[in-house]
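Hi there,

Here is the structure I promised to pass on. My notes on what I found in it follow below.

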Amino acid sequence: MTYSLFSLAREALRGHTGWKPAWRDAAPKPDYDVLIVGGGGHGLATAYYLAKEHGITNVAVLEKSYIGSGNAGRNTTIIRSNYLLPGNERFYEKSMQLWEGLEQDLNYNAMVSQRGVLNLFHSDAQRDQYARRGNSMRLHGVDAELLDAEQVRAMYPFLDFANARFPIRGGLLQRRGGTARHDAVAWGFARGADRRGVDIVQNCEVTGIGVTNGRVTGVQTSRGPILAKKIGLVCAGNSSRVAAMAGLRLPIESHVLQAFVSEGIKPLIDGVVTFGAGHFYVSQSDKGGLVFGGDIDGYNSYAQRGSLPVVEDVMEGGMALMPMIGRLRVLRQWGGIMDMSMDGSPIIDRTPIEGLYLNAGWCYGGFKATPGSGWCFAHTIAKDEAHFVNSAYRLDRFATGALLDERGAGATPNLH
Ligand SMILES: Cc1cc2nc3c(=O)[nH]c(=O)nc-3n(C[C@H](O)[C@H](O)[C@H](O)COP(=O)(O)OP(=O)(O)OC[C@H]3O[C@@H](n4cnc5c(N)ncnc54)[C@H](O)[C@@H]3O)c2cc1C
């Protein structure tokens, strides 16, 4: 069923009795050309682009819970392509371009909203660093504007410009950045993949990966064995656990990241604002709640819940940036498991095992990558080689030293 004004009017007239489920609740078949392990945004997007771009439709997405139950449905929904390093910039810009046509492509309302992402700076040195990043973006054909304090004040007069420790001196604005509705992104890709023949198999946990003579043969699951010629691992925070089933040890640590939503208030912030002197980012949902977050909890965990010290740290960041946030009540808080890579950049690559491919290491920035990641991973699986766009995201870069360290923080996952 195609969604349109016509179908909406038709269903309104017949009491909304004709809507069909957006995707089939498929049972696993014994054999597939490609298995995608992990039904988050990236896994579903991979299956969609395998079918759409490469005509590979004998594909199943295996999800241990329900689709979108992981980080896809837990993030703060920020999308942007404001990176410094060429290896990152070309990838995130490809993803941004896919976001820009995604809803038409999927025939699904993912609430993509290019409301602007503003990174604040608080010192001369930081301004120079942001100018450098903005120049790099523009050299890649990506929009970037360096604003002074007065230009920022005109946009967000309620920020604490005169903060004694962290005065706001200006910001780097990417107007094409913004937000998208995370669940709808997962649902839209699931529907698009399903319409092209992909099986979306929920409540199907992969418990083992078969490898014979250096080649994958299939997987064991909670719903029985499934054979496959190729397997793509897209398990975000659980990447290390699943890769270990094939005997692989990944350069990834799992950490918790929390998000918060306040009670609903009148329209206040029409874009995304990030604090440059701490880790705090905020936007406002269409329901009125302020959606915000900060740093990871900083210890390894597979639990989808966070600890109190980071709650305090995030609130302090909010108070330093916009003190009136102290009058708001926090309504909801949750955590997700981040797949923190050693240099803060992701991996989209083949593995040493033939037929086994890896998509992981998204740290806390993988939501914006969802379409680009799926598009590149589908290419890598279909063609058995990376596309130029994801050619820097190699698994062996940690052995060769070709790190992609956007932050310059070194090989320290908890600093990325
Ligand atoms: C609080 C929070 C805020 C964030 N904010 C942002 C943001 O503002 N912008 C941004 O760009 N990124 C953000 N991120 C990061 C982003 O959400 C992730 O990087 C991205 O969603 C990861 O890809 P995914 O959607 O495929 O992951 P997931 O949705 O986690 O998908 C992985 C799936 O694999 C499944 N799985 C695991 N093990 C198995 C198994 N053995 N068998 C079968 N299935 C399995 C899991 O159940 C899960 O559904 C945030 C993350 C969190 C937690």
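**H416 and its surroundings**

The side chain of H416 reaches to 2.7 Å from the backbone oxygen of G410. That is a polar contact, meaning a pair of N or O atoms within 3.5 Å; within protein, one must be able to donate a hydrogen and the other to accept it, and residues adjacent in sequence count only if both atoms are side-chain atoms.

Before going further, please keep in mind that this is a predicted model: local features need pLDDT of at least 70, side-chain atom pairs count only at pLDDT 80 or more, and totals for chains, interfaces and linings use all residues. Residues are numbered from 1 along each chain as its sequence is written, and side-chain values use heavy atoms, with hydrogens and water left out.

Back to H416, which is found in the segment after α10 (397-400). Helices (H or I, at least four residues) and strands (E, at least two) are DSSP runs, numbered from the N terminus. H416 has a relative accessible area of 6%, so it counts as buried. Buried means under 20% relative accessible area, exposed over 50%, and partly exposed in between (1.4 Å probe, protein chains only). Leaving aside neighbours within four places in sequence, H416 is in contact with several residues, among them M340, D343, Y364, R407 and G410; contact means heavy atoms within 4.5 Å. The C-alpha atoms of H416 and E354 are separated by 30 Å, and these residues are 62 apart along the chain.

**The ligand**

Which residues come nearest to the ligand? Of the 38 residues around the ligand, they are E63, N71, A72, T76 and K368. A residue is near a molecule or strand if one of its heavy atoms lies within 4 Å of it.

- N71 has a backbone N or O atom 2.8 Å from a ligand oxygen atom.
- A72 has a backbone N or O atom 2.7 Å from a ligand oxygen atom.
- N75 has a side-chain N or O atom 3.2 Å from a ligand oxygen atom.

Taken alone, the ligand exposes 1,000 Å², and the protein buries 97% of that. These accessible areas come from the Shrake-Rupley method with a 1.4 Å probe; for residues, only the protein chains shown count as cover.

At least two residues of the shell around the ligand come from each of α2 (41-54), β12 (252-264) and β16 (330-341). β12 gives the most, with three residues. By class, the shell has 17 nonpolar, 16 polar and five charged residues. Here Ala, Val, Leu, Ile, Met, Phe, Trp, Tyr, Cys and Pro count as nonpolar, Asp, Glu, Lys and Arg as charged, and the others, Gly among them, as polar.

**Strand β13 and its partners**

In strand β13 (residues 272-275), V272 and T274 point one way while V273 and F275 point the other way, and all are buried. Two strands pair if DSSP finds at least two bridges between them. β13 pairs with strand β4 (residues 117-121) in the parallel sense over three bridges, and V273 is the bridge partner of L118. Strand β14 (residues 280-284) runs antiparallel to β13, with three bridges joining them. In β14, V282 stands opposite V273. β13 and β14 form a hairpin with four residues between them.

**Two buried helix residues**

S95 lies in helix α3 (residues 86-106) and counts as buried, because its relative accessibility is 0%. Its side chain reaches the backbone nitrogen of G372 at 3.0 Å. Not counting residues up to four places away in sequence, S95 touches K368, A369, T370, P371 and G372.

D194 is found in helix α6 (residues 182-195). At a relative accessible area of 11%, D194 is buried too. The side chains of D194 and R24 are joined by a polar contact of 2.9 Å.

**Two loop residues with positive phi**

Most residues other than glycine have a negative phi. H16 is not a glycine, yet has a positive phi of about 55°. H16 is found in the loop between α1 (5-13) and β1 (31-37), and counts as partly exposed at 45% relative accessibility. N203, also not a glycine, has a positive phi of about 50°. N203 lies in the loop between β8 (199-201) and β9 (206-212) and is exposed, with a relative accessible area of 54%.

Best wishes
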